[in-house]
Structures are given as C-alpha cells and as structure tokens.
Amino acid sequence: MVSPTISTENLTRRFGDLVAVEDVNLRVAPGQFFGFLGPNGAGKSTTIKMLTGLLAPTAGRIQILGLDLASKMVEVKRQIGVVPEGMALFGRLTGSEYLNFVGRMYGLDRETAAKRTAELLDFMQLTDQPKALVTDYSHGMQKKLALAAAVIHGPRVLFLDEPFEGVDAIAAGTLKTMLQRMIARGATVFLTSHVLEIVERLCTHVGIIHRGRLVAQGSLEELRAGVEARSAGLPGAVTGASPGEKLTLEQIFLLIVGGSRSDGQELSWLG
Amino acid sequence: MQGNGLSLAPHARQQLAAVAELRWRIFANSLRTFRGRLELASHIFVGLAFVAGGLGGAVGLGGAAWFVVSQRNEEWLGSLLWPVFLFWQLFPLMATAFTQNVESSNLLRFPLSYRSYFLIRLAYGSLDPATAVASLWLLGIDIGIGVARPAVFPWATIVLLTFALVNLVLARMLFAWLERWLAQRRTRELMGILFFLFILSFQLIGPLIAVYEHRSIPETRILGQELSSAQRPLPPGLAAAAIAGAVQSQPGSQIVTAGLLPFLLLGCYGIVFLWLLNFRLRAEYRGENLSESVGRKALIGLPAVRPGWNLPGLPGPVVAVFEKELRYLSRSGPMLFTLIVPLFMLAVFRSSGKNEGLFAHAPQLTFPLGAAYSLLLLTNLSYNNFGADGNGTQFFFASPVRFGQIMLGKNLAHTAVFGIEVLLVWLGTCLLYRPPSIGVTLATLAGILFVLPIDLAAGNLFSIYSPSRIEAGVFGRQRASLTTVLASFAIRGALFGGSAVMLWLSRGYRKSWMELLIFLLPAAFAIVAYVFALNRVDGMALRHRENLMSSLGRRQ
C-alpha cells in the first residue's frame, strides 16, 4: 500500500469557544489532484493553513510526504509549495525581484533562481511590465505570480487556497495547464475552491468539510455512488438531477452539506 | 429611490458623525485584546507627557508674554511665537513615531461630498500631538498678554486663534504635499536635490556670522534688526505685529485698527495655505493615482532577469532578505525622508546661534548625539521588522528558512542603513561644525558596538510580540505601535545611559588599554546577547505566528 502524501489524524483547531476544525482525518495519495470543498466558514482555509505550517493545530497530527510536520517543519516546507489566502506577496518588489527572492529562500543558487524566474514570468505571461511593482499588478496577475512563486523550487506537493478566485478565463487556463503538467510529473495538488465546475473538471479526488468536520472524502465516483445510494427513492426535485442523469459535483455538494435557502426570504427594499 | 429611505444627497453632518462613530468602534473593539489595552495605556502615558509639556510651555510662554507686554517690549512677541510655529510645523516631521495620517482610500469609497472629505482631513490634523501642545502654548501666551493688558485680551485672542488656524492648515498642507512629492521617484529625487542644496546653504551661516562676529556692537544690532524685519512678513511676525500694534495704540483710540493690516495679511496666508491644501485634497478626491506603473512592452523570448545580490560568507536566504529589505527601503520615499532628518536637525541647530549654535558649549557632543538620534529614527524599521511586509509575512512562515536567518537578514539591512546614517552625520558634523576628535569618533563607534546589538535584539522581540502594519509608501503611516515606540525609548534610554557611564569610566583611567577594555567588554557581551536572542527567535515566531499574520495582514 502506498503511503499517503498528506495525512492527518484527528486534526482539530479551536479559536476560543469556536471549533473551526474538528477531528479531521484526511488521506491524499501521491499524484492526486485533491479538491477540498466546503461552504463559507466551514474550515477550509484553517485546514490548509495547518497543513502548511501557517497555523498550529490545537490537537492532532499532520504528516506530509511521510514526515511529521510538527517536528520536521523545515524539511516539509522545502518540499511543498503554497499559495495561501492572502497570496503572501511583497508589494514593493517587481515580479522578477519577487520570484528571484522566493527562489533563493528555497535554497536555489543565484543563477538557477534567475533562470527559473525568467521562464516562469514568460510562462505566466507576466513579462510585458518588467518594472511594475507587484502592488500595481491586477488581481489576476498577482494570482499568477503567487502560483509561479509556489512552484519555483519544483515542489512535490502544492497547496492552493482559492487559486481561481478573481482570475479571468485566460489566466485560469494558464493555471490549469500548469497544474495538470505538475500532476503528470507525479506531484500532488491540494486545492480549495468555490468554483465547483473547475474542481469537477480538474480534481480526481474530493474532500468536503462542513462546520469543521470532514463529511465526505474519496474519488468523484465514490462520492457520487455514496450520495446516490443515500438519496435512492428521493424525487428528482430533491436531488436536482433528472432521471438517469449523473449527479454533478454541485448537486453532490448541496446534498451533502444540505444547502438550502428559503425562497420566501425577501429584501423588499431592493426594488 | 427617495421612497426607499435613501437620501440622494447624504448630509455631511451625518457622514462626519458616522466617521466619528467608526473611529470610536474601532477604538472600543481594540480594547478586547491585551495588546489593545496596552496600546491605550501607552496613549494615555504619551498624552499625559504631551499635556505636561503643553502646560509647562504654556506657563513659561505665558509668563514671558506677560513680562514682554508689561515691560512695553511688544516687539519681542515674535520671538515667543516663532518657537510655537516651528514646533507645530517641524515636530510631525521630526517625530514620525508620534504622527499618523488618515488613509484617504478608506474614506473615498463612500458617497462623501468634497466638503466632508476636506473637513475630515482637517479634523485629523487637529488631533495631532503637535497641534494640542502648540495650542496650549498659544493659550498661555494669550493669558499672559491678557493679564498684562486686559484691554488687548479680546483682540489678542482673535489674532492667536487665527494664527493657530493658519498653523493647522499649513501643517496639513505641508503633510499633503510631502506625501505627494514622496510618492513618486522623479519628484522624490527633485526633493532630495532641493534638500541637499538647503543643507549646503547652511554652510553660508558660518562665514556670515564670522563677518559680523568681529564687528562692533551697533553692526551686530543692525544684523538683529535685519533679521527682525525679515521675519515680520511671515505668519509669526505678522501675528506678533498685529498684537503689538494693539498694545502700542493709545488708550482710548481704536486698538484694533493699529494691528489690522498685519492681521489681514496673516489671514491672507491662511487663505493661500487653504487654497494649496484644497488643490491637493481635490486631486485626491478625484481619485488621483500616484502609482508608478510603466507602459506595457511586447517582449520576444525570455525576459532578462539579473541574479540576486551576492554577499560572500552569508547564506543565500539571509542575502535574499537583506536585498529585499534594501529594495523596499529605496522605494519608500517617506522612510528615506525620515532617515535624512538627522542631517536636517544638524543644520537647524547650526543656524540657531553663533559658532556651533546649540552645541556651542559642547561641540564634541554633536557627533554622538547625531548618531543617537539616527538610531531613534530607525525605531519604525527595527522595532517593527515586518510592518511593511503586510501579507508577505505569510511567506516567511511558509518558507523553509529559519526565522533567525530572516531576522539576521533584516538586521543586517538596518545596520547598513544605520551605518550610512552615522557616516552622513559624521560628514555633516565635519561640514557644518568641526571634525570630531579621533577619541570622540572611536568612543562613539565603540558605543554603537555596544548599543546596536542589544537594540536590534530588543527590536526583533518587539517585532514579533507587537507587530503593526505600516504603509511604507505613504507619508505619516510608517508608525510602529505606540507601546513599542515607548518601550524602545526606554531601552535606548538605558543603553545610552550605560554608554555615558562607560565614557565617564574610561575618562577616569589614563591607560589606553583599560579604556579599550571598558568599551569592548560590554560590546562583546552585547553581541553574545544578540546571538543568544537570535537563536531563540524561531520558537517565539512560531508561537506568535497567528498574531503576526493577522496583525500585518489587515489594513488599519
């Protein structure tokens, strides 16, 4: 049996009285494109922060590439790439200065860092404003730069928190191409996203977190089978699918987290 | 839309009340944390210190005003108003640690009328410590005049109130224009050239004074009279003339008419400053963008990327952080401005009197005091290491680099900046005063060897425990937390005191090896303490990572 690239045991995080993440047991195998889904405030970002060492867990264990994150933090960080929620950019550097800086922080020598910087800027189509500061980049350009920084050292595992948020179709296409290439070369990608269509198209495996608890985990087919088994006999109006039609990820997600909104709610003053 | 309860022209008063309430809520919410309560305590402490300074100054200046007016020497009133004027305008620039500016983008996203925006920007200025202290001083002068000549009191009050308004508007106007000029590289360079020309112009003071120094007393008096007439058309001179005119008028005559012309001219200054401030704020209100974006250009093939810096003997990540820090600093006009203030102060003190000005009695102190002042001005950098990094701080926690190395890179960058500053102060001392003796130079450098490592170690700790996000590119928003500022002053006080004791001890020994030992032993201890603290930074940073990232990730 292949040991998982990412595994957690009873991962828990509390903020005072609020339990943001509770007893999460994740298993992500090598080479998987893993989508981590959940409604707003479910605990996605908190989990990804704990997996990347940005936040300390209150309880539980994390292993990345077979290494214990708490005791081997630097070794783990050397082999992972991260695009966190705030993108972790330094606004008053130019794009090339930033990538150069990140490369050297990951231990690349000066020449290699410069060479990879040039290649990444070219691949991400960030070369037409070489002297612009990162703070003057558009949101999409910043996202592309953050992703370029996360991969400059050739990580074996990539953690991405909402990589497609605020990104146009062209930029999203570039990001998807890069991620698929990484997967093809054996890397593991763990991403959170609200855009379920993208997750459905890209990810081989999915985990769904709801109110801090991992409520589903597996391949898309496994999740679909599980949900269909549970909702057998229910009318199509409840599942949202026509008879004989496969459930989409969005339908699976809504059935698992039980998302509903009263149509009776009205904001009359909106006109 | 009216039917929906939305007024098409929101009332300015409502908006001002909403902004005031917002500030109050932010303040009240900040008290939920220990850091917030500590910050409040620091504000109260600093507030009390400023009130004490304000009241003390008010009593002193009030007494002086009473004496001057009752002795019928009204022409000396100008010499009381000039310090108030200079303090009001220079203190916010000199002590950026106590100055904070409003972020206009926070206000402009609301449907704010220009009038409301203007008033809010002006109101922020009236909460400045310099405004509060200088207003107390003016009140003291007013009371002093009133006690000496009760009949003049109403007129003096009107004049001094106008003078205060002129100062307030001028200070806001200078701040707004400095912010504008420092925002872009070209205007920043122009300002730099003007500043150095200004510094060089002080070179003329020495020869000028030397010419008059050996002349007979009447000629020196002529110089005094020339200076007196030169200051008369300026705001403090006009305010003084307006009051003096009323004081000198014959009893029974209209006292106001005598001082009316200078008073009107003072008002004209106010209008001009107001117009200049309005000019600047209107540009901001219209959504002026001062970013230095450059045009797009099509590129064929891979872009040419220069490898990062190389400092032999230092690990790559340390050099990378060092390079990043210096690049950041070179792009922050306000920070660069802060760093040249010591030279400015040397020039100002040089012009304050004969020979070495304020340093006439202890010329050898110029260099060590200049170096100490340079260290104080580094507070916003070295005691809030991650302030300018904002969300970038997350990267440091995600990267496989020990925090000790990150801190070392930052400390080396700040040491380099401080080294350049000390060199500039030394050159400034040589040019404006006289070259410091070798003994004083060596003692100062040895003192730095003792003070700097401990100061940097303390700065690293405060950077982790009490971080505060700053906007490096905007004037007046580079301040560390007030608690940190106060703590840094206390630490520096102890360190400077220790250095003074060392200096005193070394003077007592006649043997040079003993002097060397007295300086170098504490320096060696300080370096060991720095290394010890640096080795413990990793654990501390990890324990405080959430506070660091949340404090630096959000805008204030």
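A crossing of two helices is left-handed if the near helix is turned anticlockwise from the far one by less than a right angle, and right-handed if clockwise. In this predicted model, local features need pLDDT of at least 70 and side-chain atom pairs count only at pLDDT 80 or more, while totals for chains, interfaces and linings use all residues. Residues are numbered from 1 along each chain as its sequence is written, and chains are lettered from A in the order in which they are written.

Helix H3 (residues 95–105) of chain A passes helix H13 (residues 316–330) of chain B in a left-handed crossing. Helices here are DSSP runs of H or I with at least four residues, and strands are runs of E with at least two, numbered from the N terminus. The two axes come within 8 Å and cross at roughly 155°, which makes H3(A) roughly antiparallel to H13(B). Axes are lines fitted to C-alpha atoms over the stretch in contact, with angles from 0 to 180 degrees between N-to-C directions; over 145 counts as roughly antiparallel.

From H3(A), Glu97(A), Phe101(A), Arg104(A) and Met105(A) meet residues of H13(B), including Pro317(B) and Lys324(B). Contact requires C-beta atoms, placed from the backbone, within 7 Å. Between the whole chains, 40 residues of chain B are in contact with 43 of chain A. H13(B) gives the largest share of chain B's side, 6 residues.

Within chain A, strand E10 (residues 205–210) is joined by 4 bridges to strand E4 (residues 33–37), running parallel, and by 6 bridges to strand E11 (residues 213–219), running antiparallel. Pairing needs at least two DSSP bridges. Phe34(A) stands opposite His205(A), and Ile209(A) has Leu214(A) as its bridge partner.

Terms used
Angles under 35 degrees count as roughly parallel, over 145 as roughly antiparallel, 65 to 115 as roughly perpendicular and the rest as oblique. Two residues are in contact if their C-beta atoms, placed from the backbone, lie within 7 Å.
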